[in-house]
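Student: I have a structure to read. Please take me through its features, with the cut-offs.

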Amino acid sequence: MDKGLAPLRVILGFSLLSTGIHYAHNAVRYADYPQLEGITPLVGGIVVAVTWVVLTAFGWLGYRAYTQGRYERALAFLLGYSLAGMVTLGHFLTGVPQIPAFWFATIFTDAAAGLALWVFLTWAWTTLNRVSGRDQVSTQH
């Protein structure tokens, strides 16, 4: 059975690149993004950087568990990591970022990476939890 390791590596690589670029810009240029009331750019930048590190650690733990065949644990961690891409759409909850087009595009590449990971996780959950005919126990006599 194909365990999907190659597509997972591609998705994680793309996500790591996209979120790394976006979160770095967001941390350094926090003031260029729509602001949350009461959060200074310094504090906001630190929170963004720490969030990326924590979520990326979830991705690493998920990938590691996946390669070890601990799929339920892996899928849980990878679902957590997918938030690194999906939460960037939250910028639009407080306004439209007035940032250069390249940085604006990384919001959507992050979301695309998160969505691709959701598709992979759905595939993996349904594929890896199948019971083969040989492993099934017959209830017929």
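Tutor: Start with the term helix. Helices (H or I, at least four residues) and strands (E, at least two) are DSSP runs, numbered from the N terminus. Ser18 is found in helix H1. This is a predicted model, where local features need pLDDT of at least 70, side-chain atom pairs count only at pLDDT 80 or more, and totals for chains, interfaces and linings use all residues. Residues are numbered from 1 along each chain as its sequence is written, and side-chain values use heavy atoms, with hydrogens and water left out.

Student: Is Ser18 buried or exposed?

Tutor: Buried means under 20% relative accessible area, exposed over 50%, partly exposed in between (1.4 Å probe, protein chains only). Ser18 has a relative accessible area of 5%, so it is buried.

Student: Which residues is Ser18 in contact with, leaving aside its neighbours within four places in sequence?

Tutor: Contact means heavy atoms within 4.5 Å. On that rule, Ser18 is in contact with Thr106, Thr109 and Asp110. Thr106 and Asp110 are among the buried residues of H4. What covers the buried residues of H4 includes helix H1 (5–28), helix H2 (41–67) and helix H3 (71–86).

Student: What should the 28 residues of helix H4 span?

Tutor: The expected span of a helix is 1.5 Å times one less than its number of residues. For helix H4 (residues 101–128) that gives 40 Å, and its end C-alpha atoms are 40 Å apart, which agrees.

Student: How many aromatic pairs are there?

Tutor: Rings of Phe, Tyr and Trp (its six-membered ring) pair if their centres lie within 6.5 Å; planes under 30 degrees apart count as stacked, over 60 as edge-to-face and the rest as tilted. The count comes to nine aromatic pairs. The rings of Trp60 and Tyr63 have centres 6.2 Å apart and planes at 35 degrees, so this pair is tilted. Trp60 and Tyr63 are three residues apart in helix H2, so about one helical turn separates them. Trp60 is exposed at 52% relative accessibility, whereas Tyr63 is buried at 18%. The rings of Tyr66 and Tyr71 have centres 5.0 Å apart and planes at 75 degrees, so that pair is edge-to-face. Ring pairs link Tyr66, Tyr71, Phe120 and Trp123 into a cluster.

Student: How many salt bridges does a search of the whole structure find?

Tutor: A salt bridge is a side-chain nitrogen of Lys or Arg within 4 Å of a carboxyl oxygen of Asp or Glu. The search finds one. Asp32 forms a salt bridge with Arg29, with the closest N and O atoms 2.7 Å apart. Asp32 is partly exposed at 27% relative accessibility, and Arg29 is partly exposed at 44%.
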